[in-house]
Amino acid sequence: MKKLTIQKTDRPKGKPQDQSKLGFGTIFTDHMLCVDYTEGKGWHDAQILPYGPIPMEPSASVLHYAQSAFEGLKAYKSPKGETLLFRPRDNFARFNHSCEGLCIPAIDVDFAMESLIELVHLDEDWIPTAPGTSLYIRPFVFATDAYVGVRVSHTYKYMVILSPVGAYYAKGLEPVGIYVENQYVRAVRGGLGSAKAAANYAASLRAGEVAKSKGYAQVLWLDGVERKYVEEVGSMNIFFKIKGELVTPSLESGSILKGITRDSIMRLAEHMGLKARERRIPIAEIFEASQTGDLEEVFGTGTAAVVSSVSELYWDGRSITVNGGVMGDFTKKAYDTLTGIQYGQLEDPFGWVMKI
Ligand code: COI
């Protein structure tokens, strides 16, 4: 490649009227990025096009065997009106890690950045400015071979779409109750758990429905072998504050997503003087720490929700309330500081924010 052609829409859509009512992921901007891959030719025909349906063979292998991965990041408007991205190269590094796990050819990170910046600039007016809103960026790739045999595809499409968003959860920042899942698992050692594979999210749906039917917002996933160690919460990484120390499951099992928000929170915690550690965390230890009064806070982290406070955990017939059911001090401080940095309202001592 890498010539990028741009076809601007001649029918711009109306932007959301009331930004305070923006939900998550239902509205899309005027343009999208499409790049094709053909074996022997590499990535080619990079185009920004008006947002719209894409032609697809019913036999496209992604529809049958889920050879597909995605990313999620956000663009923010700073108080000075600048457009900011948060650690975008880390997203593309993880994207290529996901691609490797799925036998999808890697994308050149410099090209991914340049084309993303071009797209965001084109739809810059879509970045909402109401508190807590941003432009969610969804890069994704999928196998397009018209072939229903099981094999690695020879052709792919890489795309980026943009969506102005508010809070990920309907209840915003309100702490949520979590169901610790004993039966279903999200991923196992040796599988695709560390990749942002579309299939991982499909695998999570059934347990999520069970949790919801029992009145819980999300599932807390345990390891797939022993159902003993904590892995993730819903589609997020999880943190516990125990006896003044922050802990999160270590990534060595290979079944946990290497969250960029997860890493940012660990570094922020250390910066704030709170020790942050990665280790295996037995779920029994969490319930015990609750009994002894040592469990102080629990929260999930991800790009979409940023930081999501947990008020209750239900496991095997027992329920514990965390921090009296309200958001803890560190959780609040972590949310405020991280979003402050992301929106360019607070100084960024880590060099995470990229002005574009
Ligand atoms: C995130 O927390 O950013 C996620 O991965 C959620 C996304 C699948 C909507």
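Biologist: Which residue follows helix 5, and what is its phi like?

Modeller: Glycine 273 follows helix 5, and its phi is positive, near 90 degrees. Keep in mind that this is a predicted model.

Biologist: How many residues does helix 5 have, and how far does it reach?

Modeller: Helix 5 runs over residues 260–271, so to speak a stretch of 12 residues, and reaches 16 Å from its first C-alpha to its last, close to the 16 Å expected at 1.5 Å a residue.

Biologist: How should I read the largest nonpolar core, and how many residues has it?

Modeller: In soluble globular proteins, nonpolar side chains tend to be buried together. Here the largest nonpolar core has 42 residues, and Trp43, Phe92 and Leu116 are among those with the most contacts inside it. Strand 2, strand 3, helix 2 and helix 3 are among the elements giving two or more residues to this core. Helix 3 provides the largest share, 7 residues.

Biologist: What does phenylalanine 92 touch, leaving out residues up to four places away in sequence?

Modeller: Phenylalanine 92 touches Val109, Ala112, Met113, Leu116, Pro139 and Tyr158. A second, separate core of 26 residues includes Tyr169, Met236, Val298 and Val322.

Biologist: Which residues form a nonpolar patch on the surface?

Modeller: Tyr65, Val148 and Val150 do, with about 310 Å² of accessible area together. Tyrosine 65, in helix 1, counts as partly exposed because its relative accessibility is 40%.

How values were computed:
Residues numbered from 1 in each chain as written. Predicted model: local features only at pLDDT ≥ 70, side-chain atom pairs only at ≥ 80, totals over all residues. Heavy atoms only, no water. Core = buried A, V, L, I, M, F, W, Y, C linked by side-chain atoms within 4.5 Å. Buried < 20%, exposed > 50% of the residue type's maximum accessible area, 1.4 Å probe, protein only. Helix = DSSP H or I, 4+ residues; strand = E, 2+ residues; numbered from the N terminus. Contact = heavy atoms within 4.5 Å. Patch = residues over 30% accessible without salt bridge, like charges linked within 9 Å, V, L, I, M, F, W, Y side chains within 5 Å. Areas by Shrake-Rupley, 256 points an atom, 1.4 Å probe, with all protein chains shown as cover. Salt bridge = Lys/Arg side-chain N within 4 Å of Asp/Glu carboxyl O.
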